[in-house]
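This report looks at ring contacts and at one helix in the structure shown below. Please keep the sequence and the model in view while reading.

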Amino acid sequence: MRIAPPITLDQRQRAQLTGWARARSLPQRQVERAQIILLAAVGKRDVEIAAALKISRQKAARCRRRFLQAGLAGLEKDAPRSGRPRRIDALAIVRITTQQTPPHATPWSTRRLAQVAGISEASVRRVWKAYGLQPHRLESFKLSRNPQFAEKLEDIVGLYLHPPQHALVFSADEKSRIQALERTQPGLPLKKGRGQSLTHDYKRHGTTTLFAALNILDGTVVSQCRSRHPHRDWMAFLGQIDRHTPAHKPIHVIADNYAAHKHPKVQAWLQRHPRFHLHYTPTSASWLNMVERLFRDLSQQRLRRGVFHSVKELIAAIQHYLGDHNRHPKPFVWTAKASDILEKVARARRTLDMVQSP
């Protein structure tokens, strides 16, 4: 009968193996190998070790052999396995995905790239997942060319992060041309395995424009719906803010550089109301206006799936939504620093210059 070679442990090896065998954070295979060697060191045969640990005799013999050949190091790492060598060049897949476009198409798909690279579709998917690549997604952007971009950015972000004491700060804008849409057929309800659905065609019963000013301190909203949004309506909305706020407090209003906001009559109105201070966002930087977040929530939660038979019904729905918002206000918290935003914009400009350079 073949007898397994004996194993003798010194004090350091025994202490190390005992620690591995009791460890909870090590890989299970390393814990199991330590237990095998400890049992072998007390004279257990491979058959007895296999029965005690509920493993195969071959695994116990293989672990004993690896310890005799390489010591503790032989238990930590697996030996090289046989089989076909790896043929996938992950960096080449990333380079093709990010720097080339497929013939007669714009985005890469896993099937199209697999054909070009001569590998399987699953391999392409694994590389994309490992490197965080999502060629199917497309996002829009635009860098502001305003020469005073940095100054205006720091001014507005300063109002968000460090608002002046004893003053009110409002983020104001218009959401224009909100459509009162009536679907031609009733929508199908949500059910198991199928989402809610609406018909693609509709009847339009008119539009309205929502003027809204978000108080960045407490999250309440001053709002007004009007049929249009010229400078006269903007002045009327500023007057509404004036009437709904304490008369002794200065008011800082963040607005975009829409022409109606800078009309000469608006400037004259501001001179007659010195407690108002307007801060204009840079060109192509409406994302700086925090009220846009409120407009997004309004669209997603109330307007997108709504059915309205008239403009009056649409306005009532908007007012009801904003009224509920004011009963339970929750301010949006701005966290990005001006320096971080400027650094990100600088990186985008450098990347854009590299793409545009011949």
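Rings of Phe, Tyr and Trp (for Trp, the six-membered ring) are taken to pair if their centres lie within 6.5 Å, and the planes then count as stacked when under 30 degrees apart, as edge-to-face when over 60, and as tilted for the rest. The model is predicted, and local features need pLDDT of at least 70, side-chain atom pairs count only at pLDDT 80 or more, while totals for chains, interfaces and linings use all residues. Residues are numbered from 1 along each chain as its sequence is written, and side-chain values use heavy atoms, with hydrogens and water left out.

**Aromatic pairs**

By the ring rule, the count comes to 4 aromatic pairs. Two of them are set out here.

| Pair | Centre to centre | Angle between planes | Class |
|---|---|---|---|
| Tyr160 and Trp334 | 4.9 Å | 35 degrees | tilted |
| Trp269 and Phe276 | 5.1 Å | 75 degrees | edge-to-face |

Tyr160 belongs to helix H9 (residues 149-161), whereas Trp334 sits in the loop between helix H13 (311-327) and helix H14 (338-356), so this pair ties together parts that are 174 residues apart in sequence; helices here are DSSP runs of H or I with at least four residues, numbered from the N terminus. Tyr160 is buried, with a relative accessible area of 9%, and Trp334 is buried as well, at 17%, where buried means under 20% relative accessible area, exposed over 50% and partly exposed in between (1.4 Å probe, protein chains only). In the other tabulated pair, Trp269 is buried at 8% and Phe276 counts as buried at 4%.

Elsewhere, ring pairs link Phe211, Trp234 and Phe237 into a cluster.

**Helix H1**

Helix H1 (residues 11-22) has 12 residues and spans 17 Å from its first C-alpha to its last, close to the 16 Å expected at 1.5 Å a residue, the expected span being 1.5 Å times one less than the number of residues. Its buried residues are Gln13, Leu17, Trp20 and Ala21. They cover an arc of only 95 degrees around the axis, which puts them on the same side of H1; the arc is that of the directions from the helix axis to the C-beta atoms. These buried residues of H1 pack against helix H2 (28-41), helix H4 (57-70) and helix H5 (73-76), with contact meaning heavy atoms within 4.5 Å. The face of H1 turned away from the buried side carries the exposed residues Gln11, Arg12, Ala15 and Arg22.

Key:
Helix = DSSP H or I, 4+ residues; strand = E, 2+ residues; numbered from the N terminus.
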